[in-house]
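Dear colleague,

I am handing over the structure we spoke about, and my notes on its pockets and on one of its sheets follow below.

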Amino acid sequence: MTIISGWATEIMKGQVNNSLYVEYLFVLVALGILFIATKNFFKAPYIYSIVSDPLKFPEDQNEKVIAFGWIQKLKNKLFSSRGKKTEWIQEIEKKKHELNQVKYFDMLTKLPNRVKLMKDFQERLSLHATRDADVEVAIFMLDIDRFRIINELHGRQAGDLVLIKITERLRTLLGQRAVIARESEDEIYILIEDVTEKQTISLARDIIDLFTKPFKVNGSTFYVTASVGISRYPETAQDMEALMQQAEIAMYKVKRTGKNNYHLFMTDDAAAIERKRRIEFGLKEALLHNELYLVYQPKVRMNDEKIIGVEALLRWDHPILGTVSPAEFIPIAEESGMINEIGYWVIYEAVRQAKEWQKEDMHLHIAVNVSAMQFEDTYFVTRIKNVLELYEVDAKNFIVEITESVMQDVEHANRVIKDLHHIGVNVAIDDFGTGYSSLSVLNNVFIDIVKIDKSFIDHVVSKENTASLVKTMIQMGKSLDFKIIAEGIENIEQSNFLKENACEYGQGYFFSKPVSPAEVTRLTKLKLQN
């Protein structure tokens, strides 16, 4: 009773309120349990005293302060779980928001990303489906032309600021009805619903016009353009993945035809891209499956029409597509990085065939066409030398044909040509007259043979200007000590014109189309007999 009256006296004095008393008892019970479990850790006498005699109210003022301080701390721990729960929920929501931003938005521009764009597309379609309403959707893909040059010359920060300016202009033009999403460094997607095809084309023109005004960033002025590809739902595809792929195909078509324009995807584009992909993947298998082969077009001496050499020409019989023109698959081989492997196979096969003809006492000159990429290969000359030595073919009978485009870096070209001359190989310029600076090439590059392009030979009889030009080419070549070969001779009138103007060599369908090695053998022996 004395102990209880002590607490009662304190309460009556107003020194302890009833709620504190209840909390005090509750905390003491918790302390008692904790003390029993871990009594060796409680060394402070006042804690031991409180737990040992929980109904005894502290008498000393200092003990009161200490005891109630502990009680308050423990009470806060025990009674603040609801507040903690709220904090935890808020923290979880914050983390969820941050994850959502990373998953669905571009961190630089704060625009939606590809994942978010696809999600929004599906949600919009679902919404229209519930309303049983039709909807037309246009997907635009913008690729900022030569954007990487800005990053390389002015730094990534400048590039980022230009990109932000571009997205701001797009938002001003299109408003909130459009979903503008960033796909990669220089690619932006736009989704707009409820637009007709006519409105889509009008919007595409407006987007292109946005880039006519330069972008000013950090005191610098940037002139950029965009290539825009467009697809439409439901006309060209019914799912977002296909629509985005079609817009990309259309965009690349713009890239190939000069950039700074737009193109609306058509069904013919799909057929073209499918064929291109078949060719690209097929090239990887073509060498392994012996689908590539060479044919040879004879070169003749004009005065007696004797065969003095051949040009090796690559052919491909695709198992599904059939015969594929070199004009179609060579550019794809260059794009895909296959051209060097294919080019060296051509050299290897041509030299191997030259050896076969040597066995029959036919010492024909054999020429192969070389791409600009192959010409830049560090081991180009070494590989030719190794193949010639492998088959014991005289290098003077081997000719490398290059186009004028290879000559843009004259210093490098002359260095490679000098190395080819060092091993005995001759160099010819193919399609002469069609390049960027024909006279400059003849004057500055150490070539041996000039091949006048077929486009000139076609009109030597019908056009006086062309005839005069070809005469000048022949005379100029002779004065510079080049051998002259006329390409694409198709009739006797052209042949007679070239003979009259002292053109030394020629090739074309008038003499022979490209034929098999066996047919070259037959024609050569036939000419020798005559």
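What volume does the second largest pocket have? The second largest pocket has a volume of about 210 Å³, where a pocket is an open set of points on a 1 Å grid over the protein atoms alone at which a 1.4 Å probe fits, with protein on both sides within 12 Å along at least five of seven lines, and the volume is the space filled by probe spheres set on the points, joined across faces, edges and corners.

This is a predicted model, in which local features need pLDDT of at least 70 and side-chain atom pairs count only at pLDDT 80 or more, while totals for chains, interfaces and linings use all residues. Residues are numbered from 1 along each chain as its sequence is written, and side-chain values use heavy atoms, with hydrogens and water left out.

The lining of this second pocket (residues with an atom within 4 Å of a point) includes Q245, Y252 and K276, and its largest share, five residues, comes from α10; helices here are DSSP runs of H or I of at least four residues, and strands runs of E of at least two, numbered from the N terminus.

Helix α10 (residues 240-256) also lies across β1, β3, β6 and β7, with contact meaning heavy atoms within 4.5 Å. These strands belong to an open, mixed sheet of five, ordered β2-β3-β1-β6-β7, in which strands pair if DSSP finds at least two bridges between them; β1 and β6 run antiparallel and are joined by eight bridges, with L142 opposite V228 in β6.

The largest pocket holds about 880 Å³ of space, and β9 gives the most to its lining, with five residues.

Best wishes

Note on methods
Axes fitted to C-alpha atoms, helices over the stretch in contact; angles between N-to-C directions.
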